[in-house]
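Subject: Structure handover

Hello,

Here is the structure for your files. My notes on what was found in it follow below.

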Amino acid sequence: GAGGTAVGETECDVLWRAVPSHVYDPGRHGFRVSSVAENVANLRRIVRLIREHVPSASIVFTLSPVPLAATFRGVSCVTANSASK
């Protein structure tokens, strides 16, 4: 997502946390869970782009230890948090 990407299934928000209610448009904004394959492809693309512009750059991917406090999914935060990691 915009706030970060993990190799597991990850929540993808249009904005950092959520679309503010005063600008939310269901025809434009949505929510979905990205797949492991999508996340791996995205990470590979990020690495390719970095290497293209700064070949010697150090690249570090991390996993956020911060648990989800809320989710847009129809599951508990505990379940969504486990899947997001």
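**Asparagine 81 and helix H2**

Asparagine 81 has its place in helix H2; helices (H or I, at least four residues) and strands (E, at least two) are DSSP runs, numbered from the N terminus. Before the details, note that this is a predicted model, in which local features need pLDDT of at least 70, side-chain atom pairs count only at pLDDT 80 or more, and totals for chains, interfaces and linings use all residues. Residues are numbered from 1 along each chain as its sequence is written, and side-chain values use heavy atoms, with hydrogens and water left out.

With a relative accessibility of 18%, asparagine 81 counts as buried (buried is under 20% relative accessible area, exposed over 50%, partly exposed in between, with a 1.4 Å probe and protein chains only). Leaving out residues up to four places away in sequence, asparagine 81 touches Val66, Pro67 and Leu68, where a contact means heavy atoms within 4.5 Å. Leucine 68 is 13 residues from asparagine 81 along the chain, and their C-alpha atoms are separated by 5.5 Å. A polar atom of the asparagine 81 side chain lies 3.0 Å from the backbone nitrogen of leucine 68.

Which residues of H2 are buried? They are Ala80, Asn81 and Ser84. Viewed down the axis of H2, the buried residues fall within an arc of 100 degrees, so they line one face of the helix; the arc is that of the directions from the helix axis to the C-beta atoms. An α-helix has 3.6 residues a turn, so residues three or four places apart point the same way. Val78 and Ser82, on the other side of H2, are exposed.

Alanine 83 is also found in H2, which covers residues 77–84. Alanine 83 counts as partly exposed, because its relative accessibility is 23%.

Serine 34 lies in strand E2, residues 32–34. It counts as buried, at 2% relative accessibility. The side chains of serine 34 and asparagine 39 are joined by a polar contact of 3.0 Å. A polar contact here is a pair of N or O atoms within 3.5 Å; within protein, one must be able to donate a hydrogen and the other to accept it, and residues adjacent in sequence count only if both atoms are side-chain atoms.

How many salt bridges does the structure hold? There is 1, with a salt bridge defined as a side-chain nitrogen of Lys or Arg within 4 Å of a carboxyl oxygen of Asp or Glu. A salt bridge links the side chains of arginine 32 and glutamate 38, at 2.9 Å, N to O. Arginine 32 is partly exposed at 44% relative accessibility, and glutamate 38 is partly exposed at 30% relative accessible area.

Leucine 43 lies in helix H1. Its relative accessibility is 11%, so leucine 43 counts as buried. Phenylalanine 61 is 18 residues from leucine 43 along the chain, and the two C-alpha atoms are separated by 8.9 Å.

**The loop between E1 and E2**

Tyrosine 24 lies in the loop between E1 and E2. It counts as partly exposed, with a relative accessibility of 45%. Apart from neighbours within four places in sequence, tyrosine 24 is in contact with Val19 and His29.

**Whole chain and confidence**

The chain has 2 helices and 2 strands, and from the N terminus on the elements run β-β-α-α. Buried residues make up 15% of the 85 residues. The accessible surface of the chain comes to about 6200 Å², with 59% of that belonging to carbon and sulfur atoms; areas come from the Shrake-Rupley method with a 1.4 Å probe, and for residues only the protein chains shown count as cover. Of the contacts between residues at least 6 apart in sequence, 41% join residues at least 24 apart.

The mean pLDDT of the chain is 79, and 79% of its residues reach 70 or more; pLDDT is the predictor's confidence in each residue, from 0 to 100. Confidence is highest in helix H1 (residues 36–53), at a mean of 95, and lowest in strand E1 (residues 10–12), at a mean of 52. Over residues 1–7 the pLDDT is below 50, and this stretch has 16 contacts in the model beyond near neighbours in sequence. Where pLDDT is low, the predicted coordinates should not be read in detail.

Regards
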